[in-house]
Each structure stands twice: as C-alpha cells, then as structure tokens.
Amino acid sequence: MAPLTTLARAAVRSSAAASLPVRALSTSAACSVAASGTTSPSYSSPFKGAQKSTQVPDFSHYMAKSSGSTNQLFGYFMVGTLGAISAAGAKSTIQEFLKNMAASADVLAMAKVEVDLAAIPEGKNVIIKWRGKPVFIRHRTQGEIEEANKVNVSALRDPQADEDRVKKPEWLVMLGVCTHLGCVPIGEAGDFGGWFCPCHGSHYDISGRIRKGPAPLNLEIPVYDFPEDDKLVIG
Ligand code: FES
C-alpha cells in the first residue's frame, strides 16, 4: 500500500507543475490580447515614463488681473462691510428682544398712581386700585390723629407708632389687604373705629394697626410721596 501512496503523490505534484505554466501563459495571453485590441487605449497612465504623477489644470484664466494689494483692499472692504451689517442686525435683534421683555405701556401706567387730594374731604375714605390691589386713603380728622397717637404702642400685636405709618398726620395711606388671608377690610367699621375684615373678624384701628382678630400684622403701607401739597403719588 505504501508504494502506491508515494506514486499517487508524485503524480499529483507532476500534474500541478505541468498546469502552472499553462495558467501563466493564459494570463499573459489575456494581457497581450487586451494590449493589442483593435481599439487603441485612450487613457495615458500618469505613472508611466517621464510623465508627472500629478497633472494640475491651468487656472490662469480665473486668476485676478489686478494687483495683490487691490485684492487685499477689496477683501478688507468686504470683511468690514459684512461685519458692520452683522453688528447692525445683532443690535436690532437685541433691541427688539429687550423691547418685548419690557413692561407694556398699560403696566407702566399702573406702576404709579396720582391722586388729587383736594377731592377727598376730611373724615372720608377713598379706595383706589394700584397694581391690582386696593389702596385706602383716609383724610383723618384732628380727633382721629389724636386717637391714633394715644394708643400704648408696646401693647400692640404689631407695635408701630402712628407717626411711623404716615408722612402727613392727616393722610393715612395703606394697602387695603387684610394681613390674615388677604380679604379687603371694610372702612369705618370694627371695634376701634378703623377697618374691619369680615372674613374672619380682624379689627384695625384708625392707624390701620391690628387690634383684634386673627390678622398678625398691621395693614401694609405702600411707597408714596406728596410731590405737591394736594397731590399724592403712590408707587
Ligand atoms: S382675611 Fe381678614 S380676618 Fe381673615
């Protein structure tokens, strides 16, 4: 059996050796057929002979005819112009944005309220609306001013002297919002001759200080001023 195997191997080797030249011959033949075809090749390889490997097209037709400094000047002009246009656009955009964010005219008008005090007789209340809240303006009589000042401040729940709550003793200006839960108290009512909150029964005196009931604090004093004798500006 062994000699037979050896013989078989030798036969396989010799057949492989015999087939190699045939394959090489067939490859070279194919190349030569392609090279000697009836249509001549139009492609010239850049990798052959003395030809350069990179062929750069001629761009001289597109080159600027003017000098280099003129081109530079034009470049600077374009950059400057575009920069100015961009800056103007950015400024306008920011301005519009800020304008939209700002308070509208009606809100600004409500920011301050001017009141003609000459129209409010002594001993009377006036309620105006300021920033969506009621404001009480009381033209106090001399008797009311004296009554407000004779109170023992230290005994109050929210100790505050009357003179610290008014700029002019005859004019009491305060927010008409109960400091308990925000109801609007009723004027000239309650046990202390001032204001009474019907929601839960808070009593405020003639200076707007809490005297009885669940409210923890005196009625709040807004920012106001008297630019003229008979003029009050709130806000
Ligand atoms: S809201 Fe005025 S007493 Fe409660």
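Visitor: How many helices and strands does the protein have?

Guide: The protein has four helices and ten strands. Helices are DSSP runs of H or I with at least four residues, and strands are runs of E with at least two, numbered from the N terminus. This is a predicted model, in which local features need pLDDT of at least 70, side-chain atom pairs count only at pLDDT 80 or more, and totals for chains, interfaces and linings use all residues. Residues are numbered from 1 along each chain as its sequence is written, and side-chain values use heavy atoms, with hydrogens and water left out.

Visitor: What makes β9 and β10 a pair?

Guide: Two strands pair if DSSP finds at least two bridges between them. β9 and β10 (residues 231-234) share three bridges in the antiparallel sense, so they meet this criterion. The bridge partner of D225 in β10 is V233.

Visitor: Why are β1 and β9 called edge strands?

Guide: The open sheet of three strands has the order β1-β10-β9, with antiparallel pairing. β1 (113-116) and β9 (224-228) each pair on one side only.

Visitor: Which residues of helix α4 are buried?

Guide: In α4 (residues 142-149), E144, I145 and A148 are buried, that is, under 20% relative accessible area with a 1.4 Å probe, protein chains only. Of the 235 residues of the protein, 23% count as buried.

Visitor: What covers the buried residues of α4?

Guide: The cover includes β3 (133-139).

Key:
Buried means under 20% relative accessible area, exposed over 50%, partly exposed in between (1.4 Å probe, protein chains only). Contact means heavy atoms within 4.5 Å.
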